[in-house]
Amino acid sequence: MTHIVTDHPYFGVFVLFVLTAVAFPATLFLARYVSRKLARLDTERLKLSVYECGPLPNKQPNRISVQFYLIALLFILFDVEIIFMFPWAIDFKLLGWFGFAEMILFIVLLAIGFIYAWKKGALEWHSIR
């Protein structure tokens, strides 16, 4: 005997959440399938042709260094971690010494991560060549 509780005040929200979780990937899959079936695949020469004027386009390998992405990733990582300090600063008096000790531990872990990235050479700028 299974009993489904449908009189819970958030049951409708849960059902909508489940339907959305199923419908969104299904819609994406359907859109991808339809677009691949309807797309013209013989446009490669047209894309590489010269439009009105200008040099002939040629395919070149991407020469962007991985260092750009590494620096951006480290910036986002440390930036998001610093944002966690703002709620602590607002409730500093309410948290007391326990909150202070937690923040000191957080800063120590943040410094350990920073030193690790520094020692691994993630913050050294290398030339693109």
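# Exercises on a predicted helical model

Glutamine 67 has a relative accessible area of 9% and is therefore buried. The model from which this value comes is predicted.

## Exercise 1. Glutamine 67

Determine in which helix glutamine 67 lies, and how far it is from leucine 123 in sequence and in space.

**Solution.** 
- Step 1: glutamine 67 belongs to helix α3.
- Step 2: along the sequence, 56 residues separate glutamine 67 from leucine 123.
- Step 3: in space, the C-alpha atoms of glutamine 67 and leucine 123 are 8.6 Å apart.
- Step 4: the class of glutamine 67 follows from its accessibility, because 9% falls under the 20% cut-off for buried residues.

## Exercise 2. Overall architecture

**Solution.** 
- Step 1: the order along the sequence is accordingly written α-α-α-α-α.
- Step 2: among contacts between residues at least 6 apart in sequence, 52% join residues at least 24 apart.

## Exercise 3. The largest nonpolar core

Identify the residues of the largest nonpolar core and the elements that give two or more residues to it.

**Solution.** 
- Step 1: the largest nonpolar core has five residues, namely Leu74, Phe78, Leu110, Ala117 and Ala122.
- Step 2: two or more of these residues come from each of α3 (66–83) and α5 (92–119).
- Step 3: for phenylalanine 78, neighbours within four places in sequence are set aside; the contacts are then Leu110, Gly113 and Phe114.

## Exercise 4. Aromatic pairs

Classify the pair of tryptophan 88 and phenylalanine 92 and the pair of phenylalanine 92 and phenylalanine 100.

**Solution.** 
- Step 1: a description of two aromatic rings requires the distance of the centres and the angle of the planes.
- Step 2: the structure holds five aromatic pairs. In one of them, tryptophan 88 and phenylalanine 92 lie 5.2 Å apart, centre to centre, with 80° between the planes, an edge-to-face arrangement.
- Step 3: phenylalanine 92 also pairs with phenylalanine 100, edge-to-face, at 6.4 Å centre to centre and 75° between the planes.
- Step 4: ring pairs join Trp88, Phe92, Trp97 and Phe100 into a cluster.

## Exercise 5. Exposure and the surface patch

Decide whether tryptophan 88 is buried or partly exposed, and find which residues form the nonpolar patch on the surface.

**Solution.** 
- Step 1: tryptophan 88 has 21% relative accessibility and therefore counts as partly exposed.
- Step 2: phenylalanine 92, at 37%, is likewise partly exposed.
- Step 3: phenylalanine 100, located in helix α5, is partly exposed because its relative accessible area is 32%.
- Step 4: the nonpolar patch consists of Phe92, Trp97, Phe100, Ile104, Leu105, Val108, Leu109 and Ile112, and together these residues have about 830 Å² of accessible area.

How values were computed: Residues are numbered from 1 along each chain as its sequence is written. This is a predicted model: local features need pLDDT of at least 70, side-chain atom pairs count only at pLDDT 80 or more; totals for chains, interfaces and linings use all residues. Side-chain values use heavy atoms; hydrogens and water are left out. A nonpolar core is a set of buried Ala, Val, Leu, Ile, Met, Phe, Trp, Tyr and Cys residues joined through side-chain atoms within 4.5 Å. Buried means under 20% relative accessible area, exposed over 50%, partly exposed in between (1.4 Å probe, protein chains only). Helices (H or I, at least four residues) and strands (E, at least two) are DSSP runs, numbered from the N terminus. Contact means heavy atoms within 4.5 Å. Patches are made of residues with over 30% relative accessible area and no salt bridge: like charges are joined within 9 Å, nonpolar side chains (Val, Leu, Ile, Met, Phe, Trp, Tyr) within 5 Å. Accessible areas come from the Shrake-Rupley method with a 1.4 Å probe; for residues, only the protein chains shown count as cover. A salt bridge is a side-chain nitrogen of Lys or Arg within 4 Å of a carboxyl oxygen of Asp or Glu. Rings of Phe, Tyr and Trp (its six-membered ring) pair if their centres lie within 6.5 Å; planes under 30 degrees apart count as stacked, over 60 as edge-to-face and the rest as tilted.
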